[in-house]
Amino acid sequence: MENTKISVQDLNLHYGTNHALKHVNMEIRENAITAFIGPSGCGKSTFLKCLNRMNDLVENVKIEGKVLIDGEDIYSPKADTTLLRKKVGMVFQQANPFPMSIYDNIAYGPRIHGIKDKATLDQIVEESLRGAAIFDEVKDRLKKSALGLSGGQQQRLCIARALAVQPDVLLMDEPTSALDPISTLKIEELMVELKKKYTVVVVTHNMQQAARVSDDTAFFLVGEVIEFNHTDDIFARPQDKRTEDYITGRFG
Ligand SMILES: Nc1ncnc2c1ncn2[C@@H]1O[C@H](COP(=O)(O)OP(=O)(O)OP(=O)(O)O)[C@@H](O)[C@H]1O
């Protein structure tokens with residue numbers, strides 16, 4: 001595919017005896033939003049976490065196959081996972097701000113990566129908060145606790161925190177499922193803005209969300225990718241009967 005950012009080749013993942021991902025192949029485009037849809041337990045989150053090696057931490061996990069980001073295999077023994085997780089940021093279903101100020105939440109990652117200069121940190125904090133469309137709402141309370149923000153604001157703060165270390169790719173695991181419709185809309189608008197600079201991959205339970213925001217969609221079913229295509233094609237002209245049954249609500 002044109003502009004491939006992430007190329008997944010015959011990826012298999014076992015949790016003990018559970019073969020949770022089966023021969024997954026996928027080309028994820030740069031500066032696009034790719035959505036993963038499918039029923040509960042079919043491997044969407046597991047697959048997402050393979051893209052920054054978050055599953056490495058799980059006991060008894062076995063991962064085979066290749067995940068190339070910018071042509072480099074992230075599972076190669078030479079790969080540096082710290083650099084990988086800087087390059088591939090992640091946002092979770094439940095916003096998880098650290099119990100510290102808004103400023104320190106954003107400065108946390110850059111500080112870990114060795115940035116100490118106050119003016120530089122100030123600039124990163126402002127740019128990251130602007131990038132996550134939350135700067136104007138918090139600019140007068142940067143020293144206040146992040147835990148005082150609303151759920152939707154906390155989620156945008158977590159996006160800002162991910163942006164602060166200058167990733168290329170942003171993984172989002174059901175980022176709006178705990179949010180009200182207005183906060184959800186704000187995050188969806190933000191995602192469309194973010195794809196100009198980042199490659200965005202999102203797991204969603206919400207098919208309308210996938211249809212609204214994503215460029216490409218993968219439909220997962222019991223560990224397999226049944227169909228992967230441009231979003232318009234998946235929703236208007238599904239090739240596989242199982243995709244059609246799922247998107248028309250015959251099962252969920
Ligand atoms: N840490 C883990 N250890 C063992 N098994 C796991 C682990 N995480 C997920 N699984 C199993 O792997 C399979 C895929 O789960 P996964 O969470 O990836 O699916 P999902 O499509 O994201 O589901 P949901 O939409 O409910 O989040 C399931 O059978 C699940 O029980």
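Here are some notes on this predicted model, point by point.

1. Start with the six-stranded sheet. It is open, its pairing is mixed, and its strand order reads β6-β7-β8-β3-β9-β10. The edge positions go to β6 (88-91) and β10 (224-230); each has a single partner strand, so one side of each has no neighbour in the sheet. From one strand to the next, the twist averages 15°. As a reminder, strands in a sheet pair through backbone hydrogen bonds, in either a parallel or an antiparallel sense.

2. Now the neighbouring pair, β7 and β8. Strand β7 (residues 169-173) runs parallel to β8 (residues 199-203), and five bridges join them.

3. β9 (residues 216-221) and β10 are antiparallel and share six bridges, with A218 opposite F228 in β10. These two strands form a hairpin with two residues between them, and V222 in that hairpin has a positive phi near 30°.

4. What lies across β6 and β7? That is helix α6 (residues 151-163), which runs at about 170° to β6.

5. Leaving out residues up to four places away in sequence, L171 touches L48, L51, N52, V88, G89, M90 and V201.

6. Which residues surround the ligand? The list is Y15, N18, A20, G38, S40, G41, C42, G43, K44, S45, T46 and V58. Two elements give two or more residues to this shell, namely β2 (18-29) and α1 (44-50). The biggest share comes from α1, with three residues. By type, the shell splits into four nonpolar, seven polar and one charged.

7. There is a second sheet, also open, with four strands in the order β2-β1-β4-β5 and antiparallel pairing. Its edges are β2 and β5 (72-73), and as each has a single partner strand, one side of each is left without a neighbour in the sheet. β4 (residues 61-69) and β5 run antiparallel and are joined by two bridges; L68 stands opposite D73 in β5.

8. A couple of backbone angles to check. Most residues other than glycine have a negative phi. D10, a non-glycine residue, has a positive phi near 50°. D10 is in strand β1 (residues 4-15), and D10 counts as exposed because 11 C-beta neighbours fall inside 10 Å, where the cut-off for exposed is 12 or fewer.

9. The other one is Q166, again not a glycine, with a positive phi near 55°. Q166 is in the loop between α6 and β7. Is Q166 buried, exposed or partly exposed? Partly exposed, because it has 17 other C-beta atoms within 10 Å, which falls between the limits of 12 for exposed and 20 for buried.

10. Last, E126, which belongs to helix α4 (residues 118-131). With 16 other C-beta atoms within 10 Å, E126 comes out as partly exposed. E126 and I28 are 98 residues apart along the chain, and their C-alpha atoms are separated by 30 Å.

How values were computed:
Residues are numbered from 1 along each chain as its sequence is written. This is a predicted model: local features need pLDDT of at least 70, side-chain atom pairs count only at pLDDT 80 or more; totals for chains, interfaces and linings use all residues. A residue is near a molecule or strand if its C-beta atom, placed from the backbone, lies within 6 Å of it. Ala, Val, Leu, Ile, Met, Phe, Trp, Tyr, Cys and Pro count as nonpolar, Asp, Glu, Lys and Arg as charged, and the others, Gly among them, as polar. Two strands pair if DSSP finds at least two bridges between them. Axes are lines fitted to C-alpha atoms, for helices over the stretch in contact, and angles run from 0 to 180 degrees between N-to-C directions. Two residues are in contact if their C-beta atoms, placed from the backbone, lie within 7 Å.
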